[in-house]
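User: Could you walk me through this one before I set anything up? I'd like to begin with confidence and then go through the ligands.

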Amino acid sequence: MTAEMMTGNLAAAWGARLADVDYVPAFPITPQTEIVETLAKWCGSGSLNARFVTLDSEHSMMTAAGAAAATGARVFTATSSQGLLHAFEVLYTVAGWRVPLVLVNVSRALASPITLEPDHNDVLAARDCGFLQLHAETCQEVVDSILLAYRIAEDARVCLPVMVNLDGFVLSFTREPVTLPDPEVVKQFLPPFRPAHLGFTASAPRSLGTAVFGGATYSYFRHQLHLASLNGLRVYEEAAADFERLFGRRYDPVEQYRMDDAEDVLVMTNAFASKGKAAVDAARAQGRRVGLLRLRMIRPWPAETIQHALQGRRAVAVVDQNLSPGQGGILFQEIAACLYHEALRPRALCSFIGGLGGKNLSEGEFQAIFEQTADAGVRGTGIGPVLLFTESEHREVEQLQFLAHELKTGR
Amino acid sequence: MTWEPQIFKTLHQIPREEHVFPGTPLCAGCGGLESLRLAAKVLGSRVVYVDAAGCMTNLAAFPFTPLDASWLYTTMGSAPAGAQGVRDALDVLIAKGRVPKEEDVQVVVLGGDGSTYDMALSSTSGAITRQLDFYYFCYDNEAYGNTGVQLSPATPYGARTTTSPCAVQHPAGTTQEKKDIFEIWRAHRPPYMATVSPRFPLDLEEKFARAAAYKGPKLFLAFAACPTGWLFDPAQTPDVARLAVECGLWPLKEAVNGVVVHTYWPKLTPVEEYLKLQGRFRHLFEPVVQTEAIAHIQERVHGYWARVKREEGNS
Ligand SMILES: Cc1ncc(C[n+]2csc(CCOP(=O)(O)OP(=O)(O)O)c2C)c(N)n1
Ligand code: SF4
Ligand SMILES: [Mg+2]
């Protein structure tokens with residue numbers, strides 16, 4: 001198979017097509033639209049034997065998706081940003097139904113102010129809903145992750161929906177070479193969806209989503225969900241090994257880039273990790289021993305793998321492309337928490353907030369991150385959250401403010 | 001021409017078989033549950049109920065269900081979208097040979113008025129527009145019942161709820177008029193719609209039987225006399241349900257492809273008789289009689305039926 005140039009969105013649509021899904025409930029939102037447009041076309045032409053339906057909202061879309069999965073169909077859907085938040089109630093609901101389905105989120109920063117460009121406040125807001133989460137760096141990884149996602153979601157040890165994240169614009173609209181997996185080999189990797197525990201049929205009535213009275217019953221089911229999510233770690237490893245055997249590409253829950261002898265480590269996710277890798281290369285060329293840890297799997301949280309990768313380092317800098325106002329970086333908190341009990345934990349943990357609303361991460365900023373992180377490592381005290389903002393960006397905003405003032409005062 | 005039942009002419013014709021069994025956590029005398037019980041006699045057990053948050057959500061409480069049909073609780077705002085997912089999936093799976101045709105089930109949305117009239121309106125409108133083949137069963141208890149009887153868009157003028165109490169500025173309690181969800185649905189031109197009351201079982205069963213002939217969205221608005229929320233003795237549910245129809249406040253009607261026919265011509269007894277039965281209207285009579293408020297309710301009823309007479313030319 002040769003590589004073809006395609007956008008992240010088209011790769012996502014291919015993921016659904018290769019998974020031979022039965023049902024695609026949809027609702028458009030920039031920058032996800034190309035995915036549903038493509039799938040609508042394929043369902044219409046018959047190249048994908050699935051029913052495509054446009055719902056009235058993402059809240060409805062997620063409900064239809066979960067309900068169809070509960071009926072026994074393999075379901076794919078996609079959204080972004082405001083759409084993900086609009087569906088929020090239903091994310092929890094369908095995870096509680098324990099239905100496997102795949103939802104692609106094309107990350108886009110949240111209003112207000114309204115924008116179209118990416119950051120991860122949308123997808124990370126959904127980290128507690130029970131969906132598993134895989135985050136992709138490249139278009140190739142998008143299509144591959146969707147296949148992995150179905151395999152894990154449908155495993156009897158998991159039975160949970162999976163979210164696959166790709167960055168809006170940076171990945172959704174960027175064309176990269178993608179090698180599409182051979183549909184015949186995909187069949188070996190992903191067996192047909194024939195769930196024994198789902199379905200509404202005349203001879204086997206079922207009740208799903210029933211009420212519970214009392215905390216004990218509620219806790220029992222929530223504990224089950226948590227344990228099933230944790231099973232996802234093991235199931236993922238098996239699936240990734242099979243995937244490598246069949247397709248020759250290996251995806252670990254975390255990717256370690258030039259980590260072997262790295263004393264300081266950058267932690268990043270998604271497409272901006274490519275910028276991080278370039279910065280690591282540049283810093284290495286200047287003699288810094290740095291590496292990058294890219295988190296691919298956010299839920300379940302691969303704590304042990306992360307501990308293993310970060311123990312014994314001098315300093316770790318988490319670059320969060322998200323901001324929890326009044327707190328800081330979301331992933332920084334999770335990294336810090338899982339390193340607390342490590343005897344060989346890094347001497348310093350640093351938190352940087354960058355890339356909000358698609359803001360660039362410049363070489364200069366990376367350089368500053370490396371310098372400040374190295375200093376922190378030497379001192380043995382972490383820093384942050386540092387809000388990354390360059391002087392030229394500052395001037396740009398000042399100009400807008402100046403203009404706003406002029407327009408207002410008429411001067 | 002008077003509307004006549006074709007199938008259900010005597011009570012003996014109503015199937016004895018039950019599909020909603022006793023022993024639910026719902027209140028004694030729940031008119032909504034009685035409507036559902038009667039509906040299920042025609043709907044049968046080859047059904048999946050897609051439920052919206054409300055009183056009926058308590059029907060299926062782990063590990064119990066009073067139904068011999070399937071159940072999927074969704075959310076307050078998206079049960080029709082849940083119905084869409086189930087119906088679509090069944091269609092696809094049957095077409096692909098993964099579910100045998102004989103295993104097919106009817107999809108029935110189960111929602112209260114609060115869900116039906118407001119929060120789920122977007123997903124309902126979408127489902128009707130897409131011509132989804134489903135039943136929508138709304139049990140209308142004219143309030144957010146499950147949360148403790150708050151004002152809903154179905155609460156009628158003059159009723160007291162916990163969030164529309166009688167106040168100096170509005171002594172009648174609720175000042176809004178009940179939203180006309182029937183007409184909102186009708187504007188979408190679904191093939192079949194009807195209002196029903198559990199006190200008129202032949203009318204109710206007949207309508208469910210007729211609806212079965214139509215593919216597409218089918219609405220049932222069921223009068224759900226609610227002893228707990230409306231403050232009357234549970235034993236009086238049948239009286240309240242009967243008087244609501246006889247005084248003209250709850251018209252029994254059907255609309256086939258948008259053409260409305262009233263299926264019962266009420267006696268148009270004074271509304272006071274109906275109102276007086278319920279604690280939610282007591283303030284209209286005590287400590288002083290709110291003559292204007294009562295007259296307002298009566299006038300609207302007369303206005304409605306005058307229009308019906310003009311349009312359907314019947315009495
Ligand atoms: C999104 C959301 N908001 C609020 C609620 C709380 N809630 C649960 S039941 C209910 C009342 C629903 O009223 P209605 O549809 O008339 O059904 P009833 O309770 O009267 O049976 C409300 C407001 C909820 N479950 N979900
Ligand atoms: S509150 Fe009213 S509608 Fe709800 S269960 Fe009780 S009687 Fe029925
Ligand atoms: Mg209600």
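Analyst: Chain B has an average pLDDT of 97, and 99% of its residues score at least 70. Please keep in mind that this is a predicted model.

User: OK, and what are the ipTM and pTM of the model?

Analyst: The ipTM is 0.98 and the pTM is 0.98.

User: Ligand 1 next: how many residues surround it, and which are the closest?

Analyst: There are 17 residues around ligand 1, and the closest are B:Gly54, B:Gly112, B:Gly114, B:Gly145 and B:Asn146. The elements that supply two or more residues to that shell are β3 (106-112) and α3 (113-119), both of chain B.

User: Which element gives the most to that shell?

Analyst: That is α3(B), which gives three residues to the shell around ligand 1.

User: And how does the shell around ligand 1 divide by class?

Analyst: Eleven of its residues are polar, five are nonpolar and one is charged.

User: Now ligand 2, which residues are around that?

Analyst: The surrounding residues are B:Leu26, B:Cys27, B:Cys30, B:Gly32, B:Cys55, B:Asn141, B:Gly145, B:Ala224, B:Cys226, B:Pro227, B:Thr228 and B:Gly229. Helix α7 of chain B, spanning residues 227-230, gives the most to this shell, with three residues.

User: What about classes for the shell around ligand 2?

Analyst: Seven residues in the shell around ligand 2 are nonpolar and five are polar, with no charged residues.

User: Switching to chain A, how do α11 and α12 pack?

Analyst: Helix α11(A), residues 303-310, and helix α12(A), residues 330-339, pack at an angle of about 80°, and their axes are 9 Å apart. Because angles of 65 to 115 degrees count as roughly perpendicular, α11(A) is roughly perpendicular to α12(A).

User: Which residues meet there?

Analyst: From α11(A), A:Ala303, A:Ile306, A:Gln307 and A:Leu310 meet A:Ile335, A:Cys338 and A:Leu339 of α12(A). By class, the contact of these two helices has six nonpolar residues, one polar and no charged ones.

User: Last topic, strands β7 and β8 of chain B: parallel or antiparallel, and how many bridges?

Analyst: Strand β7(B), residues 253-256, and strand β8(B), residues 259-262, run antiparallel and are joined by four bridges. Within that pairing, B:Glu254 stands opposite B:Val261 of β8(B).

User: Which residue takes a positive phi in that hairpin?

Analyst: The hairpin of β7(B) and β8(B) has two residues between its strands, and B:Asn257 takes a positive phi near 50°.

Key
Residues numbered from 1 in each chain as written. Chains lettered and ligands numbered in written order. Predicted model: local features only at pLDDT ≥ 70, side-chain atom pairs only at ≥ 80, totals over all residues. pLDDT = per-residue confidence, 0-100. Near = placed C-beta within 6 Å. Nonpolar A, V, L, I, M, F, W, Y, C, P; charged D, E, K, R; others polar. Axes fitted to C-alpha atoms, helices over the stretch in contact; angles between N-to-C directions. Parallel < 35°, antiparallel > 145°, perpendicular 65-115°, else oblique. Contact = placed C-beta atoms within 7 Å. Pairing = 2+ DSSP bridges.
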